[in-house]
Amino acid sequence: MLELRGLSKHFGGVRAVDGLDVTVERGQIFGLIGPNGSGKSTTVNLVCGVFPVTAGSVSFEGAEITNSPPHVALGNGIARTFQNIRLFSELTVWQNLWVAQNGQESVRSQGFFSRWLSGNRGQRASVEEQLEFSGLADKRDEPAGSLAFGEQRRLELARALAARPKLLLLDEPAAGMNLEEVKQLDERLRWLNEQQGITILLVEHVMELVMGVTHRIAALNFGRKIAEGSPAEIQQNQAVQEAYLGRSEEEGDEGGGSS
Amino acid sequence: MKKQTLSLLSAVAVAALLGTGATPAAAERTAKIAGFGAKSGVVRSFGVNTEAVMQAAVEHINSQGGVKLGDGSMAMLEMSFDDDRCNAEEGISVLRKIASSDALVAVGPTCSNVAEPLFGILQRSVDDAGDSGLRIPIFTDTAIKGGLAKISEWAFRNVPNETEMYRTLFLWVKENYPDLQTVYGGVEEDFAHSRFTWYNVMDTRAQEAGFEVVGFSKWLLADTNFTQQVREMKKAKPDFVALSSHPFTLCGILKEMNRQRVRPKLMIGLTSSSSMETLQGCSKAAEGIIIPSSFAPVTDAAKMVAKLADEKGGSADLHSAAAWEIVEVIAQVMESEGVMATEDSVQEDRRKIRDGLAKLETTNGLIGTIMREGDGEATKPYLYVHAQDGEWAVLHDPGAS
Amino acid sequence: MDFIWGLVQILGVHTIIGLSAYVILLTGQVSMAQAGFCAIGAYIAGMLTVLAEWHIIPGMLVGGLAAGALACVVGFPALRVKGLMFTVATLAFGEFVRLFWFNFDYQISRGGFEIGPLGGEGFRQIRFFPENGWSTLEVAIFVWVWVILIMAILWWMDRSRIGAVLRAVGEDELAAQSVGINLTAVKVTAFTIGGFIAGLGGGIYAHYTTHVEHLNFGVLLATFAIAYPILGGLRTVVGTLLAVLFIQGVLVEGLRFLGDLRNILFGAFIVLAMNLRPAGFIDARVTRALGRLFRAERGGA
Amino acid sequence: MEIEIFGWTLLDYFQTIVDGVLYGATYAIIGIGFTLIFGVMDKLNLAYAATALAGAYFSWGVGTQIPLPAPVAYVISSIAAGGFGYLVYLCNFRYIPSGAPLASLLATVGMLLFLEELIVHSTQGMPQPYPALFDDVMLEWGDFGMRGDLLFVFCLCVLATVFLLYVLYRTKLGMATRAVAQQPVAAQLCGMSVQGTNSTTFVIAGAIGGIAGAMIGASVGILSPLLTVPVTVKGLIAAVIGGLGSIPGAIVGGLLIGAFENTFQLLRSVTERDMYVMLLLFAFLAFRPGGIFGTASRHE
């Protein structure tokens with residue numbers, strides 16, 4: 001479904017992503033792991049077209065989509081969340097979901113006016129549905145910025161789903177969550193994947209989540225893929241262990257786009 | 001707390017709006033005239049001077065007993081003065097306020113760009129009932145851009161007639177400096193008055209007098225670098241120059257001429273530059289520049305006005321001195337037309353004053369008799385002054401010869 | 001009364017100009033080109049009513065459409081940049097437009113008078129209102145019909161999805177893109193609407209002052225255009241109206257009793273207002289409080 | 001030997017460009033002030049040119065009381081403008097939350113109007129003579145000439161820039177400034193006072209502006225409140241063309257504007273000059289948003 005071929009991104013002299021080859025099959029939950037600064041977030045940003053690739057290509061459902069801007073990527077069916085939540089904090093919960101009603105089915109079939117101005121009944125119904133899903137129905141008129149951290153995460157996920165994507169890119173959705181919340185997230189991802197048929201690319205640090213929920217994992221370090229395989233294989237992998245042990249204490253920011 | 005602030009603000013607004021209409025009731029009869037002009041921004045000195053001179057004129061008339069009304073009783077003149085910031089919309093607002101009050105006539109404004117819209121919102125011709133423009137006479141002392149008063153029959157001006165002044169000035173130059181042949185012009189291009197004066201007055205009048213205009217340079221109101229313009233001037237090698245420019249850029253260009261050692265045998269300036277501003281800015285560089293001016297303290301009356309203006313914290317120059325003349329003319333018209341100055345007669349009185357002003361053929365001026373033209377304009381007596389040792393000195397009086 | 005109605009006209013026109021910047025500000029962009037768009041509306045509407053003897057309404061609409069069309073065309077290159085760069089780019093464009101009219105002459109002769117715009121000397125005798133016998137009150141009503149119309153449309157837009165979309169773009173461009181919003185389309189649309197509204201405002205401006213010249217449309221007017229919505233707050237169109245009342249009603253006309261101090265304090269009051277209300281008169285807290293008030297009333301009734 | 005392009009000789013062009021570049025030094029130095037404050041606070045201080053001129057006016061005011069030699073007047077101007085800079089910081093930045101950049105922007109506009117009106121009221125708006133150095137010197141080589149005072153202004157601007165770069169890159173204060181500019185939070189964690197650094201920047205920028213204000217006054221020979229808006233616009237353009245936040249950029253930007261406007265004036269006319277400068281700026285920004293030395297990515 002999603003194919004990255006020789007994908008590279010250099011920031012000045014820094015090779016954030018360097019010749020990455022990854023294939024995500026339809027229906028998979030695909031994990032992308034690696035220490036801080038290994039290029040995971042950058043990869044997500046490249047797929048979404050946040051910044052232009054230095055080299056290589058991205059193709060989705062067989063069509064080349066390299067460097068298409070984020071709103072086009074979404075139109076193609078790729079939605080995402082951000083490492084550090086980016087909600088429209090002045091807008092209400094409801095509005096946050098409302099502006100996101102741009103997915104294929106909900107938009108393409110409509111005329112200009114209902115698309116931009118009023119928002120037709122379908123869009124409103126869809127917002128209600130996502131409110132229900134995220135469990136934020138009682139906070140619909142609160143500004144998103146006033147929500148608790150966990151609620152913000154749920155809202156952001158709901159917002160990404162508002163477009164009814166085929167592929168969901170999740171950038172560290174479990175960051176800052178406690179074990180209970182991680183468990184809920186785990187269930188939610190399974191439900192999306194199994195019941196809704198959404199393919200998921202999961203960038204994550206929290207191993208409990210990654211190892212439990214994913215079908216296949218690629219591990220990155222210094223922008224290069226050092227291993228790929230099933231969760232079990234990755235857990236055994238020497239190179240992955242070294243990468244984590246060797247770098248686990250270091251802190252750093254990963255992606256330019258999120259800073 | 002926030003709501004309190006808001007309501008406080010709106011209360012202030014309402015109070016202020018209401019308050020502006022109210023003036024202390026006077027025991028005796030009063031006839032009101034309303035002055036306005038720019039007392040903010042770069043042209044502030046104009047408004048300050050006009051206000052001072054008007055104040056002096058009003059006090060002068062009142063000290064002699066005031067104005068005799070149509071019913072034979074005497075009334076004191078009372079004046080107000082508003083600031084229009086040289087802004088078109090604010091000028092309109094001020095004029096509407098004056099029109100809504102019981103002032104009988106408005107005196108102002110300073111800026112031509114305010115005068116344009118003001119005259120525009122006046123009724124164009126007095127007998128055109130279909131024209132909903134304002135009906136109050138305006139008598140302008142300062143705004144000098146050519147041909148403004150013809151916009152409306154309610155508009156009058158007591159500003160110098162530049163066409164006439166420069167016509168005779170160039171002829172006088174021709175006569176007294178027979179060796180001068182060529183003239184080079186300079187124009188402050190983005191200011192309506194200076195622009196008009198070069199293209200429609202100086203340029204043509206110089207040619208009429210038999211001079212060859214060998215070129216002209218342009219600059220803008222706020223320009224500060226004149227090397228190129230003066231270089232052009234230098235190349236043209238003119239015998240003398242005529243600069244249609246206000247004091248700020250006039251000083252800039254004169255200084256640059258000094259620097260590039262461009263020393264024409266004669267310099268002629270824009271009438272508006274015969275003010276203190278030029279001397280404040282660059283008395284050395286301006287030395288010798290000849291400017292026709294409708295005011296100089298040459299007569300006893302003019303000397304008195306200059307002194308009174310000084311006491312009021314302004315100065316009498318060709319613009320503000322016109323305000324004195326205006327107040328005197330208005331007082332005279334009020335008497336001759338039998339203005340009633342009662343609450344109910346405001347509109348009639350305004351019409352009377354307008355008609356009276358339109359009827360006048362001559363009025364008294366501080367340095368001689370002023371001719372009133374049919375279109376509301378004036379032809380004022382004038383003098384040629386030149387900058388000498390940091391002061392404006394009279395060079396020649398064309399009326400005397 | 002004439003004075004009050006005249007002031008009401010001024011308040012109306014300035015509200016329109018402020019609203020033109022408001023739309024663009026919602027997308028997070030500060031446009032200094034509004035004075036330029038006003039100039040286009042003013043000159044074109046003026047030429048249509050004076051030279052072509054049109055009625056003012058079609059004249060204004062054509063002026064507004066011309067300004068809007070230009071805004072659309074310019075929007076594409078201008079909106080490649082954002083933030084301060086956009087502000088300066090639009091400043092440059094606005095000044096360009098002003099200087100264009102400074103260099104523009106088109107006069108015809110009618111009844112012995114030369115009429116039409118004449119470069120630096122301006123464009124006089126745009127006397128549609130007085131010539132057709134409109135009283136000051138009627139003109140004020142005419143102005144406010146436009147103001148209310150524009151405010152109503154913007155109010156409705158604000159509550160509709162496009163309002164949320166504009167604000168989303170203003171808040172976080174990347175996130176907005178990621179939920180499928182086409183930034184260029186949204187921003188150019190906002191810029192076009194802003195240009196159109198400014199053009200309408202300019203059209204009225206030309207007629208109620210009867211005379212326009214390039215200096216009317218300088219940096220100062222552009223600054224006021226953005227000052228109104230910023231000072232009023234970007235939560236609602238009413239904020240812009242409040243700010244116009246504050247600046248034109250209180251600071252300019254209301255403080256006349258202060259005499260010379262009025263001009264000095266003008267700037268100081270703006271500084272003070274921004275220090276006290278950095279998010280504008282009507283900020284998030286005010287709207288929330290008002291919302292609660294309304295809901296409580298409805299609940300109690 | 002006389003090659004003419006569009007009716008002007010190469011010497012004409014050379015002369016025009018040299019004049020423009022020399023005068024552009026004043027734009028450059030105002031541009032530096034904009035860029036410096038932007039670099040540290042990511043905000044625009046539109047009152048900057050007004051503080052610069054207020055400084056010059058202050059020294060003029062002192063000069064009316066006691067006669068001052070020109071260089072002393074310049075120093076007084078610089079000190080006074082530094083003080084005004086601090087005032088601007090207090091009134092427009094200190095108490096307005098940093099998350100409200102529009103509020104600060106508008107407040108600085110208010111400040112500009114305030115300072116301008118203050119100047120008007122202290123002088124009745126009349127132009128005032130300002131002392132110049134070398135203002136009657138004209139260096140000439142045949143038909144080519146150079147204004148002595150502009151050359152002096154140019155040199156002083158260069159000196160001011162060198163001094164500024166020295167402060168920024170060679171002193172502890174400068175390091176702190178740059179640290180705050182790049183990582184305000186980190187700098188704070190390291191015990192640096194962000195507010196202290198910010199206010200110091202305003203004082204330094206103000207002082208440099210005071211020199212610029214004095215130089216503008218000196219090169220024209222007159223001070224007038226008419227100067228504020230054009231100087232603000234041109235200085236801003238210089239800073240933007242160079243790339244906001246870049247000091248060398250502001251210098252190059254200022255000199256370029258000087259050269260371009262003079263060239264357009266020669267080729268077209270003074271009325272169209274600014275029109276072309278604005279068009280050029282617009283095109284430049286649309287196609288090279290980062291400016292000449294820009295780091296567009298940093299300030300997005």
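The questions and answers below concern a predicted model.

Reader: Which two chains share the most contacts?

Author: Four pairs of chains are in contact. Chain A and chain D do not touch either, with nearest C-alpha atoms 10 Å apart. The pair that shares the most contacts is chains B and C.

Reader: What area is buried between chain B and chain C?

Author: In this interface 48 residues of chain B are in contact with 48 residues of chain C. Carbon and sulfur atoms give 52% of the buried area. The area buried between the two chains is about 4,100 Å².

Reader: How many salt bridges does the rule find across the interface of chain B and chain C?

Author: Side chains of opposite charge can pair when their charged atoms come close. One such pair is B:Glu116 with C:Arg124, at 2.9 Å from N to O; this lies within the 4 Å cut-off for a salt bridge. Across the interface of chain B and chain C, the number of salt bridges found is eleven.

Reader: Which element gives the most to the side of chain B that touches chain C?

Author: The interface of chain B and chain C also holds 24 residue pairs in polar contact, both residues being at pLDDT 80 or more. On the chain B side, at least two residues each come from α1 (2-21), β3 (74-83), α3 (88-100), α4 (112-121) and α6 (192-208). With nine residues, the element that gives the most is α3(B).

Reader: How do the residues of the side of chain B that touches chain C divide by class?

Author: Charged residues on this side number 18.

Reader: Which residue of chain B forms a salt bridge with B:Glu116?

Author: Over all chains, the structure holds 63 salt bridges. The partner of B:Glu116 within chain B belongs to a distant part of the chain, 29 residues apart: B:Glu116 is in helix α4, and the partner is in the loop between β5 (138-140) and β6 (155-157). The side chains meet at 2.5 Å, N to O, and the partner is B:Lys145.

Reader: What area is buried between chain A and chain C?

Author: This contact takes 26 residues from chain A and 23 residues from chain C. Carbon and sulfur atoms give 63% of the area buried between them. That area is about 2,400 Å².

Reader: Which residue of chain C meets A:Arg86 in a salt bridge?

Author: The rule finds two salt bridges across the interface of chain A and chain C, and nine residue pairs are in polar contact, both residues at pLDDT 80 or more. By class, the side of chain A that touches chain C has 14 nonpolar, seven polar and five charged residues. A:Arg86 meets its partner at 2.7 Å, N to O, and that partner is C:Asp172.

Reader: Which element gives the most to the lining of the second largest pocket?

Author: The second largest pocket has a volume of about 1,400 Å³. Of its 32 lining residues, the closest to the centre are A:Thr92, C:Arg159, C:Arg235, C:Thr287 and C:Arg295. Two or more lining residues come from each of α3 of chain A and α6 (136-159), α7 (161-171) and α13 (284-300) of chain C. With nine residues, the element that gives the most is α13(C).

Reader: How many charged residues has the lining of the second largest pocket?

Author: The lining has ten nonpolar and seven polar residues. Its charged residues number 15.

Reader: Where is the residue A:Asn67 found?

Author: Most residues other than glycine have a negative phi, and most peptide bonds are trans. Phi of A:Asn67 is positive, near 65 degrees. The place of A:Asn67 is the loop of chain A between β5 (63-64) and α2.

Reader: What is omega for the peptide bond from B:Gly108 to B:Pro109?

Author: B:Pro109 lies in the loop between β4 (105-107) and α4 of chain B. The peptide bond from B:Gly108 to B:Pro109 is cis, and its omega is near -5 degrees.

How values were computed
Residues numbered from 1 in each chain as written. Chains lettered and ligands numbered in written order. Predicted model: local features only at pLDDT ≥ 70, side-chain atom pairs only at ≥ 80, totals over all residues. Heavy atoms only, no water. Contact = heavy atoms within 4.5 Å. Buried area = accessible area lost by both parts, 1.4 Å probe. Polar contact = N/O pair within 3.5 Å; in protein donor to acceptor, adjacent residues only side chain to side chain. Nonpolar A, V, L, I, M, F, W, Y, C, P; charged D, E, K, R; others polar. 1 Å grid on protein atoms, 1.4 Å probe; cavity = no way out; pocket = protein on both sides within 12 Å on 5 of 7 lines; lining within 4 Å. Points joined across faces, edges and corners; volume = space filled by probe spheres on them. Helix = DSSP H or I, 4+ residues; strand = E, 2+ residues; numbered from the N terminus.
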